[in-house]
Amino acid sequence: ISAQKIALRYNVSRTPAREAIVNLEKEGLLKVIPQSGTYVACINCKRSEQEWFVRKSLEIGMVDAIFKNASADMLDKMAELNNRLINYDEETESIPRIEIDNEFHQLLLIAFVILLIEWFRNVCNYFKRHNSNILFRETYINLAELNKNISVKTNDEHNMLIDAIRNKDKRMYLRVIKAHISRIFNELDKLKGIYPEYFEKN
């Protein structure tokens, strides 16, 4: 990565391109190695796992509110989003996979009480400032997309979540959401083996 390449790609001057590199380095997304170059930083799994724990606790804790307030329209929208993930095509989709996946999970929040939605947004804003959880999740989804077995599991679990809410099956929902949120770390060793260059060395 270089300021010159970024400036050419986005048709800007080198000054904002250099500033962007400095800011991304501060956020831990880029790593500058003297006399070598600037590279995308490897994933810090321990830090991301700590932040993932917060999301897992929130989504599991919202079960009663989701089952009470989820509407048919919301479930139809979730199904539509998951179908877009299943049939995702970079040439026809205008947004990345991660944004569609985020929208799927944000719909679960809509069924929650307004107070906790606002509180969760504050938590999300914290993650946006620190970025590692979003980077980790986006990289995981991108790597998982290269490995179709992992991608298919994600889409299947989305469908199971929708079915559990439709059928008012809390036990099924809890079982699936726990597996869904935790699976990223269960699949980690597999992804590390396939794509070792994306991860920090222990």
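Predicted model: local features only at pLDDT ≥ 70, side-chain atom pairs only at ≥ 80, totals over all residues.
Residues are numbered from 1 along each chain as its sequence is written, and side-chain values use heavy atoms, with hydrogens and water left out. Local features need pLDDT of at least 70 and side-chain atom pairs count only at pLDDT 80 or more, while totals for chains, interfaces and linings use all residues.

Confidence comes first. The chain averages a pLDDT (the predictor's confidence in each residue, from 0 to 100) of 79, and 79% of the residues score at least 70. Among the elements of the chain, the highest mean, 93, belongs to helix α5 (residues 72-86), and the lowest, 56, to helix α8 (residues 132-146). Helices here are DSSP runs of H or I with at least four residues, strands are runs of E with at least two, and both are numbered from the N terminus.

Next, the hairpin. Strands β1 (residues 30-33) and β2 (residues 37-40) pair in the antiparallel sense over four bridges; pairing calls for at least two bridges found by DSSP. Three residues sit between the two strands of this hairpin, and Q35 in the turn has a positive phi of about 60 degrees. Opposite V32 stands T38 in β2.

Leaving aside neighbours within four places in sequence, I66 is in contact (heavy atoms within 4.5 Å) with L108, A111, I165 and Y173.

Phe, Tyr and Trp rings (for Trp, the six-membered one) pair if their centres lie within 6.5 Å; planes under 30 degrees apart count as stacked, over 60 as edge-to-face and the rest as tilted. The count comes to one aromatic pair. That pair, F67 and Y173, is edge-to-face, at 5.4 Å centre to centre with 90 degrees between the planes. F67 lies in helix α4 (residues 63-69) and Y173 in helix α10 (residues 170-186), so the pair ties together parts that are 106 residues apart in sequence. F67 and Y173 are both buried, meaning under 20% relative accessible area, against over 50% for exposed and in between for partly exposed (1.4 Å probe, protein chains only).
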